[in-house]
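The report below looks at how parts of a protein assembly meet, both between chains and within one of them.

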Amino acid sequence: MKDIGVFICHCGVNISNTVDVKKVIEEISKIQNVAICKDYQYMCSDPGQEMIKRSIKEHDLDAVVVAACSPRMHEPTFRATVSDVGMNPYCFEMSNIREQCSWVHTDKEKATEKAIDLVKGAVARAQLLEPLQSEGFPVVPSALVIGGGIAGIQTALDIANSGYKVYLVEKEPSIGGHMAQFDKTFPTLDCAACILTPKMVDVARHPKIELLTHSEVESIEGSVGNFIVNVKKKPRYVDMDKCTGCGNCAVNCRLVGKISSEFDMGLAKRSAIYVPFPQAVPLKYTIDPDACLFLKHGRCGKSPKCVDVCTTDAINFNDEPKTIEFNVGAIVVATGYREFTAERKPEFGYDLYPNVMTGLELERIFAPSGPTGGKPIINGKVPKKIVFISCVGSRDKKVGHPYCSRVCCMYIAKQAHLLKEKIPDSDITVMYTDMRSFGKGYEEFYERVQKEGVKYRRGNASEVYGNDGKTYVRAEDTLLGIPYELEADLIVLGTGLEPDPNAGDVGKMLHLSLSSDGFFLEAHPKLRPVDTVIDGVFLAGTAQGPKDIPDTVAQASGAASHVVNLLSKKEVLSEPTIAVVNEDMCVGCKTCMLLCPYDAHEFDEDKGVMKINTALCKGCGSCSAACPSGSIKMNHFTKDQIVAQILEVL
Amino acid sequence: MDEEYAFFPGCIAKNVYPGIEKATRIVFEKLEIGLRDYEYSCCPPPGVMACYDKPSWLVIGARNLLQSEKDGLNPMTICAGCYGTLHNVWYALKNDPALMDYVNENLSKIDLKYEGKNHPIHFLDILKDHKEKIAELKELDLGLNVAVHYGCHYLKPTSVTGENSERPTLLDEMVELVGCKAVPFKDRLSCCGAGGGVMSGEPDVSLKIVNTKLNNMKAANVDAIVDICSFCHMQFDQSQKKLGTTEIPVLHLNQLYGLAFGIRPKHLAMHTHLVSTRDIVKKVKAAKKG
Amino acid sequence: MGKSVKEILMDGNGYACIQCGRCTGSCPSGRECSLRTRKLIHMARIGMDVIKEDELWDCTTCFTCQERCPKEVKTTDMIIELRNLAVEEGYLPTMADVPKIIIKSLYDTGAGQPLSPEISKVRSIIGLKKEAYDVSTNEETLKKFQRLLDGLEITRKGGLR
């Protein structure tokens with residue numbers, strides 16, 4: 001018979017308002033093996049925990065039950081409490097009489113009865129709990145960062161500067177992400193490339209960073225401390241060791257000026273052999289296999305021009321994808337965002353009128369390296385009448401994006417400012433729903449832009465229409481209460497952010513959940529913004545939700561600190577609440593192996609029985625339930641323990 | 001007849017523009033699609049009736065829907081207003097058992113019950129599956145430049161109709177089948193201004209709305225307006241007489257098809273329209289000869 | 001079944017409105033008169049007497065606003081239901097007689113728009129039955145129809161009883 005201590009929490013009034021705690025104590029104290037039953041206002045507080053520790057010592061308790069909130073809240077807290085005084089943390093049982101009782105019932109009498117039953121069940125289980133030991137696994141002192149935009153770059157630099165090796169994988173031929181496409185950033189109007197490129201160069205030069213561009217993660221196995229990563233390096237058809245980035249190939253390519261440039265949002269053309277932008281890191285050329293004549297048709301004129309002009313003989317049409325494998329201890333997901341597809345709002349005529357552009361397209365017009373060399377020329381003309389439309393694809397249930405994209409109000413203000421600066425006599429109106437200028441210097445910037453003569457008219461645009469070769473935008477000026485329309489030479493859609501489409505594949509590999517807005521789900525919305533519920537996997541940047549550059553960089557550094565936290569440990573302790581195979585009973589039928597979602601089972605050929613990889617097993621219990629010979633026991637959730645609990649509750 | 005529908009002509013086609021009813025009967029007979037008549041009442045109008053008392057509108061609408069249930073036929077409308085009523089009543093009752101109970105509670109007083117078995121359909125959605133036959137039956141390429149008018153209740157609300165209300169193309173395609181061209185014009189999808197009880201209750205506003213639309217059509221130099229709604233049809237025809245700024249003849253799609261199939265305009269009661277259809281008739285005669 | 005303004009707002013998702021104005025901006029009637037769809041929703045939410053507003057009757061129920069609303073507010077459906085309430089309280093459209101005539105015609109003949117002798121003649125000439133086969137053809141059926149209407153609010157609101 002064990003001596004069990006039971007501790008009932010009031011949780012302020014969260015529990016005690018509905019459950020008669022005194023009655024529970026009275027009933028529980030009657031149980032034979034309950035040595036002591038006490039209550040307290042906030043069991044998780046210092047005095048509460050002290051009370052538990054004292055009781056363990058005074059009454060020489062073998063197990064402890066705390067009846068309080070959900071174990072998801074404080075099981076780790078109380079396990080630490082009992083460990084402090086030498087009790088094995090797995091001899092601790094938590095009974096949820098808050099989320100599963102006081103919070104969901106209003107009938108006090110019945111709620112109290114239920115609480116008593118639940119605690120009785122917990123006591124019955126506690127009687128059968130066994131001490132368990134965690135196993136330690138060595139931590140591989142390196143990290144994988146998926147995504148080479150500003151978030152990935154910042155995270156990689158921070159981790160590498162702490163002394164750990166980082167593999168930075170980026171699917172495009174260059175790192176830089178969307179920030180590389182921007183002209184100036186709000187509110188300081190820093191040139192985006194000027195503040196980004198030094199960091200990009202740092203990444204390239206850093207001895208601890210292995211930069212894998214034009215590459216994609218193919219598979220990830222393993223668990224925290226030891227992930228086995230397979231990366232496919234897509235063929236560039238250019239030997240990176242030989243290429244000097246001189247650009248002769250691109251200039252001479254037979255398809256020069258023929259292929260739509262993705263980096264320039266389709267507003268400019270490139271060759272089949274290209275770098276996405278002049279400041280690309282690495283500055284190595286890549287051949288687009290969907291465009292290149294030689295790769296598509298087996299010939300390019302008499303001979304490919306790129307081969308002819310390349311002085312270092314770097315062109316290699318026989319290049320093939322290569323897969324590399326490596327181990328890391330932690331992973332940061334920084335896959336970024338994609339701009340909302342403006343065609344999905346047909347009322348704005350993006351596909352009908354050439355003078356309707358998205359925010360990112362206009363950004364390329366501003367950029368000095370862009371299609372117009374930074375001159376504000378749209379379809380061959382300098383626009384005079386300009387209208388910005390906010391909230392395109394954001395705050396919009398019709399396109400499945402009820403969320404606010406957070407950055408559009410400010411980038412519209414920035415773009416309006418830049419247009420006013422470049423075209424002083426322009427007439428600019430921003431048709432807005434709300435003005436969200438929440439960050440440092442943002443409100444001041446908004447005031448400045450208004451002072452520069454940009455008109456803000458409240459009321460989102462309802463439609464864009466064309467008539468007699470002109471385009472018009474309709475809206476209601478809600479502050480005046482009048483519907484109106486403006487003729488415009490340039491209409492800029494403040495398109496919002498959505499998750500990068502490739503992020504889904506990465507998410508599946510890592511078993512990551514998504515929040516309802518489609519971005520990756522953080523472990524806790526308030527207190528754990530860089531963690532995920534998968535140990536060892538962290539988030540940074542817009543992959544987790546729309547945010548501006550300062551917040552991205554802050555979060556990236558936060559993720560890096562958590563990675564370093566993990567990597568600095570020699571080993572990670574696994575949860576011992578996993579499956580165990582009784583080798584005497586196991587017949588090696590492999591049913592468990594087929595069921596396991598974490599691929600934690602292996603067949604031992606010599607012994608003819610199953611073995612469980614304790615690092616991978618998450619203790620879900622599927623194998624134990626299915627095992628035909630009943631050979632698999634779930635630590636801390638044995639059949640006896642569960643049945644005892646159920647019988648007592650009934 | 002393999003394909004057959006319960007024919008719901010609606011009050012306007014029956015009692016104001018019978019040419020539309022006649023044209024429908026002719027076109028569907030030629031397409032070998034059966035039309036059966038039932039003891040229908042006014043749909044009732046989604047404008048006046050639903051706005052005065054929505055529950056009453058549901059009951060009267062359900063009474064119409066149930067008429068052809070015993071024969072397993074789907075009701076077919078030729079007025080987008082009637083379609084708006086029948087289709088939306090059907091949808092509302094299908095998705096809310098409490099409303100269905102309320103409706104049947106009332107219907108039981110006259111020994112009727114609505115089971116929600118059939119599915120109202122607008123005639124355009126039937127014709128779209130007979131494009132080949134229509135092309136075969138066509139005797140003349142009418143060669144008209146037309147302003148097509150979809151009618152709001154055929155397209156919206158899209159959660160019920162499933163249509164593409166920003167970029168519909170079906171009616172444009174259907175007039176092309178008989179050699180007509182759907183000419184683009186400003187605000188081509190705009191309301192005719194008659195619905196919601198506005199034509200009767202706020203006639204000034206109704207006229208302002210339709211006047212703007214008619215002027216937009218005039219600016220595009222169209223030969224005719226082609227509609228798929230008897231109510232819009234009435235609005236366009238009658239309002240031009242009141243306004244006196246435009247004289248664009250108005251045709252229901254079935255009248256257009258009737259003409260294309262070689263039926264004489266008089267048989268489609270085109271001579272009774274308020275806006276003279278003489279120019280159309282002339283063009284049709286010319287098409288015949290050519 | 002009369003709904004209160006609050007119930008109409010709840011059913012129509014009116015509380016989600018962010019007053020963006022896309023509804024008014026899309027309104028074909030609003031361009032020609034003083035109807036401001038957005039304002040009507042605002043008035044309803046803050047408890048103003050929206051059913052007294054004349055503009056409530058300028059909406060043609062074209063549903064464009066409801067289609068375009070980013071918050072899925074059922075603007076048109078709400079206007080229709082607010083009108084039900086307005087009629088109940090005696091706030092009617094400008095030409096209040098005309099809808100009444102239509103309702104009476106519906107009751108007397110089963111058709112909102114009755115058949116005139118002139119049109120009847122046209123029907124005969126073009127080869128249709130001189131009177132369409134409908135609810136009014138059979139006297140028994142019409143009486144039953146009227147009995148149905150007797151039990152509905154429309155006849156009371158239309159001033160028939």
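The contact between chain B and chain C, counted by heavy atoms within 4.5 Å, takes 64 residues from chain B and 61 residues from chain C. This is a predicted model in which local features need pLDDT of at least 70 and side-chain atom pairs count only at pLDDT 80 or more, while totals for chains, interfaces and linings use all residues. Residues are numbered from 1 along each chain as its sequence is written, chains are lettered from A in the order in which they are written, and side-chain values use heavy atoms, without hydrogens and water.

The two chains bury about 5400 Å² between them, 64% of it on carbon and sulfur atoms; buried area here is the accessible area (1.4 Å probe) lost on putting the two parts together, summed over both. B:Asn15, B:Glu39 and B:Tyr52 supply 15% of the area that chain B buries against chain C, more than any other three residues.

Five salt bridges (a Lys or Arg side-chain nitrogen within 4 Å of an Asp or Glu carboxyl oxygen) are found across this interface. One joins the side chains of B:Lys54 and C:Glu81, at 3.3 Å from N to O.

Within chain A, the axes (lines fitted to C-alpha atoms over the stretch in contact, with angles from 0 to 180 degrees) of helix 12 (residues 408-422) and helix 13 (residues 442-451) come within 10 Å and cross at roughly 35°.

Definitions and conventions
Helices (H or I, at least four residues) and strands (E, at least two) are DSSP runs, numbered from the N terminus.
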